[in-house]
Amino acid sequence: MKRIVYVNSPAELKKFIDFPHSLYQNDKNYVPELFIAQKDMLTPGKHPFYEHSQVQPMLAYEDDKIIGRIAAIFNTNHNAFTERKDGFFGFFDTIEDQETVDLLIGEATKWIKEKGADTLMGPVNLSTNDTCGLLIQGFDRPPVAMMPYNAPYYQTLLEYNGLVKKTDLFAYEIIRASVNERSVKLVDALEGRLARSGVVIRKIDLKKFDDEVAKIREVYNSAWDKNLGFVPMTENEFNYLAKDLKMILEAEFCLVAEKDNKLVGFILGIPDINEILIKIKKGRLLPTGIFKLLFGKKNIKGIRVLTLGVVEDFRKMGIEACLYGRIIQNGKARGIVRAECSWMLEDNYLINHAIEQINGNLYKKYRLYEKPI
C-alpha cells in the first residue's frame, strides 16, 4: 500500500536527502549532493528562504520502502513580486511508477492549494535562484556544479500527470579546442572601445568580498526581468549563496564591468566541483570526502558559467561578449578545457546567439513545468 509521510523530524529528513543515492546507485552519471548543504536548505532557521516562505518535504512509501520524494514550496516573495498565486514543487525523485508520481504531485498540490495557490510550477529547489528544471535532453553526461540530474522517465510521468511546459532552459558546452578564436581575440579591442566609454572590465577583489557582493547583488536584481516570473533574491539569500560560493570561488572567473566606480555588469563562473563530488559517497564530507574536495580542486578541468547580468542601459554595448571572451581567456590560462554556460532561457536570443558565435554547443535542455490546480 502506497502512502505519503510528511517529513518533520531529523531522522525523516535524513531519509529524504539520502533517497536519490539508492535510486541512482547504478547510474554512472549521478552526482550526490553534499548532505550538509541539502540539510541546511531543508531546515527552517538555517536557510534565509524561510524568512519569507514555507517548505514541506514529503516521502512516498510502499509498505516500509521509500519509493519517492517531493517538497511542496510556497514562495511568498515570488507571489508578491509577480502578482501571481503560484505554488512550487521541488526535490522531486521517484521510481518509474505513475501511481507514485500522481500521489506525490497530488499531495504537494493539496498543500500549496491550502496556502492559496492556483498554479503548480516546478521543479525548483527552493526557487528559480537555486537548482531548477527537469533534465529532458543530455542524459549521457553527469551534471555540472549546481545543475540537476534525473532519469529520462521523469518527463513522461510528469506530463502524464497533466503538467505542461512553461519554458525550457538551455545549457551550452564550450570546448577549448573548438572555441571560435576570432571572437575571443576581439576581446582586447572590445575592452579598449568600452574603456573609451568609461567602462572597465576587472576581476572581483576577494579582499573586499562583502563590498563586491553587495554591488553584484544590486546588478543581479536590477537585471532580473519581472515578466519571466522570477524573483530577486533578498540580501540574506544573496549573502548566503555568496558565502557558500566563496569556498570555491576563483577571481579569474568572477569578472565585473564598472563605470564611475559603479557596477553595471558581471559574470560568474565556478569550478565544476561535480568532478569531485561524483566520487564522494552519499555526499558526506566526513571522514574522507573533505580531503577529496580540498585536494581535488586544483585538478578540476571544467567550469560552469552560472550567471551573467548587465543593467538595461548598458546592454548591446558589447559588455556581454567581452565578459564571455575574457573568462574564456582566463580559463585557458588556468588549464580549463571545457565550460558549461547554464542555464539560459530558450528565448534569450541575444545571449544564446553570443554563445553560439564562439562555437558553444547546446547539449543539455531542462524544462520548467506548470499546471492549474
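Analyst: Let me start with R367, which counts as buried because its relative accessibility is 14%, where buried means under 20% relative accessible area, exposed means over 50% and partly exposed is in between, with a 1.4 Å probe and protein chains only. This is a predicted model, in which local features need pLDDT of at least 70 and side-chain atom pairs count only at pLDDT 80 or more, while totals for chains, interfaces and linings use all residues. Residues are numbered from 1 along each chain as its sequence is written, and side-chain values use heavy atoms, with hydrogens and water left out.

User: Which residue does R367 form a salt bridge with, and how far apart are the closest N and O atoms?

Analyst: The partner is D168, and the closest N and O atoms are 2.7 Å apart; a salt bridge here is a side-chain nitrogen of Lys or Arg within 4 Å of a carboxyl oxygen of Asp or Glu. R367 lies in strand 15 (residues 361-372) and D168 in strand 9 (residues 164-175), so the pair ties together parts that are 199 residues apart in sequence. Strands (E, at least two residues) and helices (H or I, at least four) are DSSP runs, numbered from the N terminus.

User: And D168, buried or exposed?

Analyst: D168 is buried, with a relative accessible area of 4%.

User: How many salt bridges does the count come to?

Analyst: The count comes to 21 salt bridges by this rule. One of them joins K2 to E62, with the closest N and O atoms 3.7 Å apart; K2 is in strand 1 (residues 2-6) and E62 in strand 2 (residues 54-62), so this pair links distant parts of the chain, 60 residues apart. K2 counts as buried at 19% relative accessibility, whereas E62 counts as partly exposed at 32%.

User: What about R217 and E235?

Analyst: Those two form a salt bridge as well, and their closest N and O atoms are 4.0 Å apart. R217 sits in helix 8 (residues 209-222) and E235 in helix 9 (residues 235-246), 18 residues apart. R217 counts as partly exposed at 23% relative accessibility, and E235 is also partly exposed, with a relative accessible area of 48%.

User: Changing topic to the strands: why is strand 13 largely enclosed?

Analyst: Strand 13 (residues 302-310) has eight of its nine residues buried, so it is largely enclosed by the rest of the structure. Strand 12 (residues 262-271) pairs with strand 13 in the antiparallel sense over seven bridges, where two strands pair if DSSP finds at least two bridges between them. Within that pairing, G269 has V305 in strand 13 as its bridge partner.

User: What sense does the pairing of strand 13 and strand 14 take?

Analyst: Strand 13 and strand 14 (residues 338-345) pair in the parallel sense over four bridges, and R304 stands opposite E340 in strand 14. Between these strands the chain passes through helix 12 (residues 319-334), and this β-α-β crossover is right-handed, meaning that with the strands pointing away from the viewer the path from the first strand over the helix to the second runs clockwise.

User: What span should helix 12 have, and how far apart are its end C-alpha atoms?

Analyst: At 1.5 Å a residue, its 16 residues should span 22 Å, and the end C-alpha atoms are 22 Å apart, which agrees; the expected span is 1.5 Å times one less than the number of residues. Just after helix 12, G335 takes a positive phi of about 90°.
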